[in-house]
Every structure is written in structure tokens, then in C-alpha cells.
Amino acid sequence: MDPGAITIILDRVASGDRDAAEALMPLVYEELRRVSGSLMRGQAASHTLQPTALVNEAYVKLVNAGEGYANRAHFLAVAATAMRQILTDHARRKRAAKRGGGARAEGEVEQVAAPSGDAIDAVALDDALHRLEALDPRRHRVVELRFFGGLTVEETADLLGVSRSTVEADWRSARAWLAVELGEA
């Protein structure tokens, strides 16, 4: 579908049009499913939150927010942030329920898949991203858009209003910073 048509539907969703919200889901479902699948790659079969449930929960959260979205890329970026929050909240709740006295038992870490295919502790990543946001909000946003949203360098640059080379530099430095932070976690 034409990206402009999706933007029109997103405007209707923001104005509270429930029919538009129903029309939007089939248009963005595969992309949301791809993002959620990549985030959850490598999870144990016993993981209680499945990719489809993650998509559905994020979609409901986004549609009910009544927020306006500039375009498809902006919607996917916000969806990626919502999925990250849902996964992290799920991991924190599960960890708290199993922890008891405060010590984390091995094998109880909820993970998300990195673009490299490596699994990363979801809570440690979220904590590191909060620290990165405090240090450099733009690099934080680049990570959210690229890692969680699956946006291209070009889409990220357009959304942030910066050059492609700025996004590439931010992406490289943020990944290096996160590698150090997560190596210490």
C-alpha cells in the first residue's frame, strides 16, 4: 500500500476513528510481526509472551494512545518503543516473581535478540538504554529506531531530521557504548 495512504489512516486513527484502527492492523501487521519476531528470537520455548501477543499488546497500546503519527516509519518507531517497554516490563515482573530474596537465579533471564543474533538480558539492556538516554538522547533514539524498530539508516535519518552519516556515526558509537555497558552488567 502507498505510504501516503497509511499516513491518512494513521491520522484517522489519531482522531479516534475505530474503523480506521481496524483497517490499519492488516496494513502494518507483518512489519510489526517481523519486529517482534526479531526481538524474541532465541527465547526459550517456555517464554510466556509470544511474538503475536507482543504485537497485539503493542498495537492496542498504540491505537488507544490517541497519539498522532507523522507516517509509517514514525508509527513503527513508536511501536518498537512500545514493544521494548512491554518486553522489559514482562521480564521485570517475571524476575520479581521468581527472585524471592533478591538474587537472580541462573537461567531466569529474559532476553532480546541483538541484530548480531546474540541474546541480551532485556532488563540489563533497558537499564543501559536509560543511562544512554541521559547521556545522549539522540543516540538513544537511534538505537530504539534501528534495534527495536528495524528502521533503515535512511528512515532513521528522515525521522530524526539528521543526515545519514550522523545516524551511522551515532549507531556505531551507541553500539560500542552499549557493548561496554552490557559487558559490565
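**A buried aspartate and its partners**

Author: The side chains of Asp 126 and Arg 92 are joined by a polar contact of 2.9 Å. This comes from a predicted model. A second polar contact, of 2.6 Å, links the side chain of Asp 126 to that of Arg 84. Leaving out residues up to four places away in sequence, Asp 126 touches Arg 84, Thr 88 and Arg 92. Asp 126 itself sits in helix H5, which covers residues 122–135. Its relative accessibility is 7%, and because buried means under 20%, Asp 126 counts as buried.

Another helix, H3, shows how burial can be arranged along an element. Helix H3 consists of 15 residues, 51–65. At 1.5 Å a residue it should span 21 Å, and its end C-alpha atoms are 21 Å apart, so the two values agree. Its buried residues are Pro 51, Leu 54, Val 55, Ala 58, Tyr 59, Leu 62 and Val 63. These cover an arc of only 150° around the axis, which means that they are on the same side of H3. An α-helix has 3.6 residues a turn, so residues three or four places apart point the same way.

Now the whole chain. The protein chain has eight helices and two strands, and from the N terminus the order is α-α-α-α-β-β-α-α-α-α. Of its 185 residues, 44% are buried. Among contacts with a separation of 6 or more, 61% are between residues 24 or more positions apart. The chain exposes about 9100 Å², with carbon and sulfur atoms supplying 52% of that area.

Key
Residues are numbered from 1 along each chain as its sequence is written. This is a predicted model: local features need pLDDT of at least 70, side-chain atom pairs count only at pLDDT 80 or more; totals for chains, interfaces and linings use all residues. Side-chain values use heavy atoms; hydrogens and water are left out. Helices (H or I, at least four residues) and strands (E, at least two) are DSSP runs, numbered from the N terminus. The expected span of a helix is 1.5 Å times one less than its number of residues. Buried means under 20% relative accessible area, exposed over 50%, partly exposed in between (1.4 Å probe, protein chains only). The arc is that of the directions from the helix axis to the C-beta atoms. A polar contact is a pair of N or O atoms within 3.5 Å; within protein, one must be able to donate a hydrogen and the other to accept it, and residues adjacent in sequence count only if both atoms are side-chain atoms. Contact means heavy atoms within 4.5 Å. Accessible areas come from the Shrake-Rupley method with a 1.4 Å probe; for residues, only the protein chains shown count as cover.
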